[in-house]
Amino acid sequence: MTPEQAELQARARAFVDDVLIPREVEAERRGGRLDDDAIAAIRREALERRLAGGLHAVEHGGQGWTPTEWFLVEEQFGRSTNALSWHVPSAYNVLAQGTPEQIDRWLRPALRGELHDAYAVTEEHAGSDPSGIATTARRTDAGWRIDGEKWFVTYGDVASVYIVMALAEGAPTLFLVDAGLPGIDVVDDPPFTHNYPHGHPTLRFSGVEIPDDAVIGGLGGGDDLQRAWFAEERLGIAARGGGAMLRLLEETTAWAIAREQGGARIIDHQGVAFPLADSAADAAAGRLLGLEVARLADEGADPKLIHAKASMAKLFVSEAANRCADRCLQIFGGRGYTRTNVAERFWRELRVDRIWEGTSEIQRLIVARALERRGVERTIWGLTP
């Protein structure tokens, strides 16, 4: 790392240690929901420590980080449980592609922590395969009318604007839909395995009237914007999963060194030492893979190659982190099965990383297609022709 990157990483780690981790158990006991004062404190500290906005341009209120710098920070965020880093002001990368008016209305306030966006793409019959989307946008005299139902809309219960994927004149297109418009209803708000700050409700759009300038990225531009979104989100999952493994190994190793049973430290038993060693190898390999994807993005490599490599990183780290959490919970024994234990919380929380932003099975298909279309050496080593 450069000195600047090392300073950024240290700043992010201190924020997680000082601000997020001390609030984890409280968040767990409250079902993931902190009080307003605690949330305001997290946002304030993130802004003061220059950790909000990440990849977004400085002129929009972001930090203008490179993908590698962003990876280093997301890795630290991943060391905390209960998704407390969701309170750090940010926004989906799609908003950066908006018009000046859209950026002023939605992106800048989001990066100041004044509002949240939510991405609405998944449907009952369109999950990992977005080609099955049935939501439509039909032209009207004043703009467009949105009809459809979206599932698992993360932040959907707190968002001020929905980024909605719909078929407009037969082409996948993204629209910015004001959450306060009539015709938007929450039809389900299911409980999930994790205790996170925000929900993932099902939203129904029934004849929602939006202006013509609600299109973002141009008519038919939805697929390209979504592909870039998926690549970033999958790399973020790899970064945060690596941070989770680091935290798990730190706390479990310390426990295994201090804990004695049968007159010996439990780390001196192979049944404890070997799972820790396997997890350490997984964490090291996953981190290098994720940093390689970030480096390729830094250098402006072929977006299709970055997309495939991000899928590879997401696949490997999400699977490895789940193994790590299970091993660590077992090493903690009965203490590991309590929700006040970090291993138990990660054991539940990391499970979704093998599902959202494309299941592990979908990532395998993407990687296999890359091997076929771009060749083995290029896919594995990231070589450019």
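Start by selecting Glu-357, which sits in the loop between helix 9 and helix 10; helices here are DSSP runs of H or I with at least four residues, strands are E runs of at least two, and both are numbered from the N terminus. Before going on, note that this is a predicted model, with local features needing pLDDT of at least 70, side-chain atom pairs counted only at pLDDT 80 or more, and totals for chains, interfaces and linings using all residues. Residues are numbered from 1 along each chain as its sequence is written, and side-chain values use heavy atoms, leaving out hydrogens and water.

Check the backbone of Glu-357: phi is near 55 degrees, a positive value in a residue other than glycine. Most residues other than glycine have a negative phi. Glu-357 has 15% relative accessibility, so it counts as buried (buried is under 20% relative accessible area, exposed over 50%, partly exposed in between, with a 1.4 Å probe and protein chains only).

Now jump to Arg-50, in the loop between helix 3 and helix 4. Arg-50 is not a glycine either, yet its phi is positive, about 60 degrees. Its relative accessibility is 43%, so Arg-50 counts as partly exposed.

**The core**

Which residues touch the most other members of the largest nonpolar core? Select Phe-15, Leu-51 and Leu-248, out of 58 residues in that core. A nonpolar core here is a set of buried Ala, Val, Leu, Ile, Met, Phe, Trp, Tyr and Cys residues joined through side-chain atoms within 4.5 Å. Among the elements giving two or more residues to this core are helix 1 (3-20), helix 3 (36-48) and helix 7 (270-298). Colour helix 8 too, as the largest share, 14 residues, comes from there.

**The rings**

Show the aromatic side chains next; there are 13 aromatic pairs in the whole structure. Rings of Phe, Tyr and Trp (its six-membered ring) pair if their centres lie within 6.5 Å; planes under 30 degrees apart are stacked, over 60 edge-to-face, and the rest tilted. Zoom in on Trp-86 and Tyr-196: the ring centres are 5.0 Å apart and the planes at 75 degrees, so this pair is edge-to-face. Trp-86 belongs to the loop between helix 4 (67-77) and helix 5 (100-111), and Tyr-196 to the loop between strand 6 (184-188) and strand 7 (202-211), so the pair ties together parts 110 residues apart in sequence. Trp-86 counts as buried at 15% relative accessibility, and Tyr-196 counts as buried at 10%.

On Phe-230, look for Arg-234, whose charged end sits over the ring, 4.4 Å from its centre (the criterion is NZ of Lys or CZ of Arg within 6 Å of the ring centre and within 35 degrees of the ring normal).

Where is the centre of the second largest pocket? Select Pro-130, Arg-227, His-307, Ile-366 and Arg-369, the closest to it of the 21 lining residues. Helix 6 (222-258), helix 8 (303-332) and helix 10 (360-374) each supply at least two lining residues, and helix 10 gives the most, with 6.

End at Gly-170, in the loop between strand 4 (161-168) and strand 5 (171-178). With 65% relative accessibility, Gly-170 counts as exposed. Draw a line from its C-alpha to that of Thr-136, 34 residues apart along the chain: the separation is 8.4 Å.

Terms used:
On a 1 Å grid over the protein atoms alone, a cavity is a set of points where a 1.4 Å probe fits but cannot get out, and a pocket is an open set with protein on both sides within 12 Å along at least five of seven lines; lining residues have an atom within 4 Å of a point.
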